[in-house]
Amino acid sequence: MMDMPRAGLRRIGARVINSVWRIGTGTRFFALTLLHSGQSFGRFQLTVREIFSAGVLSLIIILVSGLFVGMVLGLQGYETLQTYGSEEALGVLVSLSLVRELGPVVAALLFASRAGSAITAEIGLMKATEQISAMEMMAVDPIARVVAPRFWGAVISMPLLAALFSAMGIFGGYLVGVVLIGVDEGSFWSQMQAAVDLREDILNGVIKSVVFGVAVTAIALFEGYDAPPTAEGVSRATTRTVVTSSLAILGLDFILTAFMFSGV
Amino acid sequence: MSDNLIEIRDLSFAYGERLVLKGINLTARRGQVVAIMGISGGGKTTLLRLIGGALRPTRGLLRVDGVDMSRVDAVGLYRLRRRMGMLFQFGALFTDMSVFDNVAFPLREHTDLPAEMIHDLVLMKLNAVGLRGAHALMPAELSGGMARRVALARAIALEPRLILYDEPFAGLDPISLGVTGNLIRRLTDTLGITSVVVTHDIQESLRMVDYVYFVSEGVIAAEGTPEQLRASREPFVHQFVHGEEDGPVPFHYPAPAYIHDLELRA
Amino acid sequence: MQRATLDLWVGIFVVMGLGALLFLALKVGNMTGLESGQTYTVRAEFENIGGLKPRAPVKSAGVVVGRVVEIGFDNQIYEALVTMRLDARYRFPKDTSASIMTSGLLGEQYIALEAGGESSMLAEGDRLKLTQGAVVLENLIGQFLYNKAEDAESKGAEGKGAAD
């Protein structure tokens, strides 16, 4: 009988120690990645390759989702605004929600499941098939050669993808609102321009997407590098990447929004 | 400079509390092919990883090409590894690069040679393993034996003094196995390098190596030239060489009495 | 993949992304005109600015002619000091008056300029003398209730309360 609570406590203790340990190694790994970033810029071709696999390959999903999100925003926004007789504000609604929140957040979520999981799986498999050890035995630092270029490629791609998502979404809102429903085109754009501020809204959106990019990529790289070198280990690490980075995106979004838009 | 490329004296190694190697003595001279054999889980791969510098000795002396491995720093280790090649069990080719780029990888990372010279060098190395014609293929398009030969070409790209082989014969058909064995022998002789082969393929090894160490339960259980081992009467070596099921290495994992496990009562 | 095609695609991607950012900055945001064009700064004191915020528009006859840059508090006269930047294309007489208005019943507040009749024009750093602060809704309602109560008390007696 006495064993029950003791076993429970022991499990809690093990959990805590394990997660603190993981946070520690994760931070150390992240710092190492930053320290060994010289090659990513010295031999920029390495990074260009990773911009291709993180950015270009995510292009389709980002553009299509952006278009649809914008179209839905246009439809729903019109329905709501119409009841107050202010459907001209549709442009404001669509653009502000996209630029401030949906663009960075949804693009980052899509990025986590498209590019983040791919990064984890790739690095996990490289480890499982001893490619990482082979690199070490060839006196090549895998952090500098494999991890850092992926990090920078993804971090460069993320704000561009978020901007494309927002632009595409605004185009989708325009399609539904102006072309389909017939909101006045002039007021759609002019009200939008009057309400959206370059620094307050657009720049903050870009900052958000950069932060999300760093978080998603760091998580994906660490999960891949830390994955047990087995098929099961890699698949679990991939799942964990998507779950952890999605939660990180939403949590960070709340913190950043609180900092950016609540203070005057 | 001493004639021994690898010198191991009374080497011990423990993973945490568990002692894996208990006082190993081993030497490999320049130009030799040395095999480390033993049953699976006997500490062979650990020994290889120690020589490669992936692990640090717990106790004892381990000297590779004049470098004391228990005291070397990261820079020294990386410098040593440029004189060292390693062939992993399944080749460990970079799956996102072609055969050509795989072999060119160490050259591009460690030298500033112009592209034409790298091109020529890579084709020379591939020619040495008989795969010059396959330079444009991707690793996924290669058979197991071919992948291992490409990995060998990659391992000799920087003309190392020492090549470590981790189970180079595992999972190969008899023809590829013979080809790989001959290749190891030929490269060792023509390039004047030292090869350390971890394997349990006894017949192939006895055919091509100069000296064999048997590792069992963390110690060197037997050693000698192939001729000595073939003639050996030691029960362990005899069991290993002839592949007998039971002997000093038991068929059964240690277990309580069979009768007890089945709960048979008289 | 060939290196050339890879480079091409990455190039396309980066140009598209930067294009989207530019589109957001120019077409969606309000970076046009004022930010880059010639401007001049004038100031005005208000006894109450209500909910006026930096970057609020300055309009004359309903046309945006400038923006509020800074809102401060003058500790000498205990009034709000609003700095606004006007487009250099639009010149106003020195006796122009400024008032804080609300677009619609609950909309954003802005500054409305009403041109005066003087011949000399406002220049960089000038102060507008005639100002009308924001109408604070609470005061208005309070005043209205107060008047009502007074009306009820004096039963039609004309004068004091209404004239205030």
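**Exercise 1. A helix of chain C**

Solution. Helices here are DSSP runs of H or I with at least four residues, strands are runs of E with at least two, and both are numbered from the N terminus.

A residue is buried if 20 or more other C-beta atoms lie within 10 Å of its own, exposed if 12 or fewer, and partly exposed in between, with C-beta atoms placed from the backbone. By this count, 0 of the 18 residues of α2(C) are buried, and the helix is hardly covered.

The model is a predicted one, in which local features need pLDDT of at least 70 and side-chain atom pairs count only at pLDDT 80 or more, while totals for chains, interfaces and linings use all residues. Residues are numbered from 1 along each chain as its sequence is written, and chains are lettered from A and ligands numbered from 1 in the order in which they are written.

**Exercise 2. Chain C as a whole**

Task: state how many helices and strands chain C has, and describe its domains.

Solution. Chain C contains 3 helices and 8 strands. Along the sequence their order is α-β-β-β-β-β-β-β-β-α-α. The domain assignment, which is automatic or from a database, gives domain 1 (1-31), domain 2 (36-133) and domain 3 (136-164). Between the C-alpha centres of domain 1 and domain 2 of chain C the distance is 40 Å. Of the 164 residues of chain C, 21% count as buried.

**Exercise 3. Chain A and a helix pair**

Task: describe the make-up of chain A and the packing of α4(A) on α5(A).

Solution. Chain A has 10 helices and 0 strands. Its C-alpha atoms fill a box of roughly 65 × 60 × 35 Å along the principal axes, and 48% of its 264 residues count as buried. Two residues are in contact if their C-beta atoms, placed from the backbone, lie within 7 Å. Among the contacts in chain A with a separation of 6 or more, 87% come from residues 24 or more positions apart.

Now take the pair. Helix α4 (residues 59-83) of chain A packs against α5(A) at an angle of about 145°, and their axes are 10 Å apart. Axes are lines fitted to C-alpha atoms, for helices over the stretch in contact, and angles run from 0 to 180 degrees between N-to-C directions. The crossing is right-handed; this term applies if the near helix is turned clockwise from the far one by less than a right angle, and left-handed applies if anticlockwise. The residues in contact include A:I61, A:L73 and A:L81 of α4(A), and A:L90, A:L102 and A:R114 of α5(A). By class, the contact has 14 nonpolar, 5 polar and 1 charged residues. Ala, Val, Leu, Ile, Met, Phe, Trp, Tyr, Cys and Pro count as nonpolar, Asp, Glu, Lys and Arg as charged, and the others, Gly among them, as polar.

**Exercise 4. Contacts between chains**

Task: determine which chains have the most contacts, and describe the sides that touch.

Solution. Of the 2 pairs of chains that touch, chains A and C have the most contacts. This contact takes 24 residues from chain A and 18 residues from chain C. On the side of chain A, α7(A) gives the most, with 7 residues. That side divides into 17 nonpolar, 4 polar and 3 charged residues.

Turn next to chain B, of which 12 residues are in contact with 9 residues of chain A. On this side of chain B, α3(B) gives the most, with 3 residues. Chain B and chain C do not touch, and their nearest C-alpha atoms are 10 Å apart.

**Exercise 5. Two backbone angles in chain B**

Task: locate B:D65 and B:A92, and state whether each is buried or partly exposed.

Solution. Most residues other than glycine have a negative phi. B:D65, not a glycine, has a positive phi of about 50°. B:D65 lies in the loop between β4 (59-64) and β5 (67-68) of chain B. With 18 other C-beta atoms within 10 Å, B:D65 is partly exposed. B:A92 also is not a glycine and has a positive phi, of about 55°. B:A92 is in the loop between β6 (84-87) and α3 (99-110) of chain B. B:A92 is buried, because 25 other C-beta atoms lie within 10 Å.
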